[in-house]
Amino acid sequence: FGSCRQVHLSAPLGVGLAWFACERAMAMAAVAGDEVGQAAAAGLVLPPVVFAEPADVLAEDPVSGVAWRCAAQREARFPRPGGGGERQAFLAEGLLSRAEALQLLDMARDADANHEVVAVEADTSTDSAEPPGFVEVMHAGQYLSPAWSAALRPVVDGRLLPYLRHRYASAGLVVCAANIERHPAVSSSAAASPPCSPDSRFLCSAVVALGDEEAGVEGRVVVQRSAGIASQSVVSLRPGDMFVHQFGLPRRLCPTSCLRYSLIFQVKDSILACLTNTTPWYEASAGAGDADAQFFLALQLAGVGADASGCDDGGSRAASLLESSAASGHPDAQEQLGAWYLDGLHGLANDDFAAVGWLHKAALQGHLVAQRRLAELLLQGRGAARNTAEAVRWLREASAQGDAEAAYLVTTAYTCGHGVDQDDSAALSFCKLGASLGHPELMFRLGVHLVAGKGLSRDLREAMLWLQKASEKGHFAACCNLGVLYAKGFPGMPPDLARARACYERAAGAGDVLAQYNLAVMHTRGLGGLERSPTEARRLCELACEGGHEPARHLLEKLKLQDQHGDSNDGALNTALLPCISMDDSQRRRLDSLLAESKAMRSTEPGQDVEELVDVLRQVVRCAEVVDASAVVDEESLQVTASTMSGKRTVQRIAVQRASVDEAAALLAQGPVLVAEALPRLSGKRVLDFMPRLVAAAGKVPADYEVQTCGGQVQVHRAPLAKYIQLLQGSSADMAYLMKTSEVLCRPELAEFAETPACCRLGEQGGLEALLPSVPCELLVGGAHAKSSLHRGSLCCGTWIFLVLGKIRWHVFPPTAAQGLSASSGALGSGVSPFDSFAAAGRDEHAPGRPGPPPAVGAESLEVEQTMGELLVLPPGWFQQAQLEDRCLALVGQFITEETAAAAAREIGPWLAARLPTEATEAAGQPTEAGLPPRELLCRIAEELARGDIAGRPDMCNMLFSTLI
């Protein structure tokens, strides 16, 4: 039951090679019997770091005079890539006693149990029930709670700082930050070897293992000596031991088979560097020829000193430093310099030839991103002659190091024979590798391979697991195929039409034509808990027909034929609602033969019995035809368009009006308006002035924020604004970040930016100020994939949103949709709907997340694509929901003007009539006709608010998802 997709390895993919240069760290996974799998498997067992013999060290603090004796210090040295000195690391045994390690372990477990741990995005190669996370215990040199201060201060002041100041001969060293990090347990088969990364914000870092030595729990730190993953080695730490390294050495914490916690200290060279979040040590080290310092300083100058073109003095110096670091053989600098030449950034002219040269140098040292970028240029023939075979070789290298996108491209090459001989077996090997690395498309293909039994033994249970994983990552073709498996069932798993329906609804809402057709079939027959609904079936068939789905066109014709003849029981009319009859090919041929014989009998033995027999056989044939149509295998399954995989709905919405500042006020009477150049102080290059001032003035101001998961769960945390902005880099569909706060823009230093747009300002006539919130506007900061709730503010006021950075997709609904949205009723008509307008309508109640609104309500909505520098203005009473397409920063406020007073009075009147037993009640019920004029009515409400006669000040309705909790 249900249309599904089937992979043909020999067929062209029909998908253009998409090239991305993102530096995403992906995991390696073993693929048995394949050279890539052998290379990946070899990386799972890492060699130990070789340390020198232990030495007894007496470390005395030159500032406090406190001394600590480390009975066993071991030193390790790692040559810098390309030569030019060494990187040092130290293993200091016994920083914590067993009792101290156990005490801190208990405190970490308590913080975890109290949901204080902030989850971070998990490595796709790990098989863990919960993500890794951290608890911040020190920030900007300050302990964040008395308990952590009491537990850590004796260790920091009495042992850690004396040792580090002695070790690095620097009396000004301070501990700037400290975190407790959680490392969830993973199975040994899933333990992978992703790339390490340096912690360039700090002079040095110290990792301390927590746990019970008697329980056999040890910490593991992985270091990477050069760009290639093959250079990784591991340091084993007993509880209480400390591993110390400087900024240039890439490292990561290694997951094991049990839950572990580590204590991470991050150190800077002065208290000033700590408070200003700067890295002054880079200047001296870069001047002395330190390639690591030159590289990191170049990145800092490029990010801070460059204008929009990247060509000012800071950018020029950045390029000079980067060239020096690259010339010394630093692979990260070589890859970055190649990227700058490729795009003509920071004072460098565009030079494809130079880009290829530097990327090739980095690729030879095993730099994963350089290998993929070099392959891109070779395929395009940029900077070098087009060489597909060489490009595929570099993509294989990147795949072996755990690059999922490279694995996808190699799979494509072997499937189509681009640059290599067409090889189904090799394509399948790289498909398995990329699926293990978390690539959604390759997860989907591997699932289809397992369903079809092509190149692999047929395994429907394993196929379901891979399709489920791909579906969770937003691959809606996989979601449709998962629904087919649920609908058909297999040995050990009976059919489950309710779960099949949930899969079809999710994929159909995202525009998948096969899912739309399958769901239409369910509606025609009343399956999966649905009532029979030819109307809904027709709507879904029409959507599928727009996508060119032929079986949907046939079903739509039958449904239209039924409409023309009503509910007749004539077999020629009601085929769309006939029961399902399954039969194999031989049974179908026998049925066709019987029908032909019966028709022939009409001429030899005419009569009513023969006519009835022919009608019955026709009915049976049509039942079988319906089954055949719903079990079609799509032969073009690999030609999945980007829109199918994007997760966007295909609902057609009316466009929002666009206007100038002068036109906006008049157009608001007709609905929402997008306004250009509404806040000149926050447009164009002036944004570059706003961001540093925002961080300088309010970077340390704490505010609440949310972590939203794809399953609909929400965690609320609190962090300083600057720290939260750093977290936004990890925002994803699985874990999205959203903050909306009034605690930031109220600072005097930012007053000039927190102004109401001119088209939303109240005129000189007074009396309405009390209707507005107590703060002029709020700050919205969020990461990609975050969503607000579907809500509206006070009915007295409209809402304005100015987008400073990023891109937001909005769904807005008129006031008439309030009942259909089942919105709650708060102060002065503000409210929140339980629906998610970006989800599929009518989703199964057991599916994760919020359901979409009813289709009839969804049809009333407008869709808005808001980009940087645009102002969205919503009249009073309109509902709104945002979905962030990128990292975004926006100002949000409420307003009332003379032009919107009539609309506000019209919307607030019924609310007042139902809730206010005052003299204004009768007039409020009909404010614009028999009662008070709109402005006078609003002034009356403002007076009652000022006196406290109306409970609940109408401050802005919080946009955050947690308003539903």
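Guide: Accessible area is calculated with the Shrake-Rupley method and a 1.4 Å probe, and for residues only the protein chains shown count as cover. By that method, the protein chain exposes about 39800 Å², with carbon and sulfur atoms supplying 52% of it. Please keep in mind that this is a predicted model, in which local features need pLDDT of at least 70 and side-chain atom pairs count only at pLDDT 80 or more, while totals for chains, interfaces and linings use all residues. Residues are numbered from 1 along each chain as its sequence is written, and side-chain values use heavy atoms, leaving out hydrogens and water.

Now for the wider setting. The protein chain has 30 helices and 30 strands; these are DSSP runs numbered from the N terminus, helices being H or I with at least four residues and strands E with at least two. Of its 965 residues, 53% count as buried, where buried means under 20% relative accessible area, exposed over 50%, and partly exposed in between (1.4 Å probe, protein chains only).

Let's zoom in on strand β12, residues 242–246. This strand is mostly covered, with 4 of its 5 residues buried. Strands of a sheet pair through backbone hydrogen bonds, in either a parallel or an antiparallel way. Here, two strands pair if DSSP finds at least two bridges between them. One partner of β12 is strand β4 (residues 86–92), joined in the antiparallel sense over 4 bridges; there, Ala-89 stands opposite His-245 of β12. Another partner is strand β9 (residues 204–210), which is also antiparallel to β12, over 5 bridges. In that pairing, Cys-204 has Gln-246 of β12 as its bridge partner.

Three strands form an open, antiparallel sheet in the order β11-β10-β13. Its edge strands are β11 (232–237) and β13 (251–253), each pairing on one side only. Strand β10 (residues 219–224) meets β11 in the antiparallel sense over 6 bridges, and Val-223 stands opposite Ser-233 of β11.

Leu-275 counts as partly exposed because its relative accessibility is 43%.
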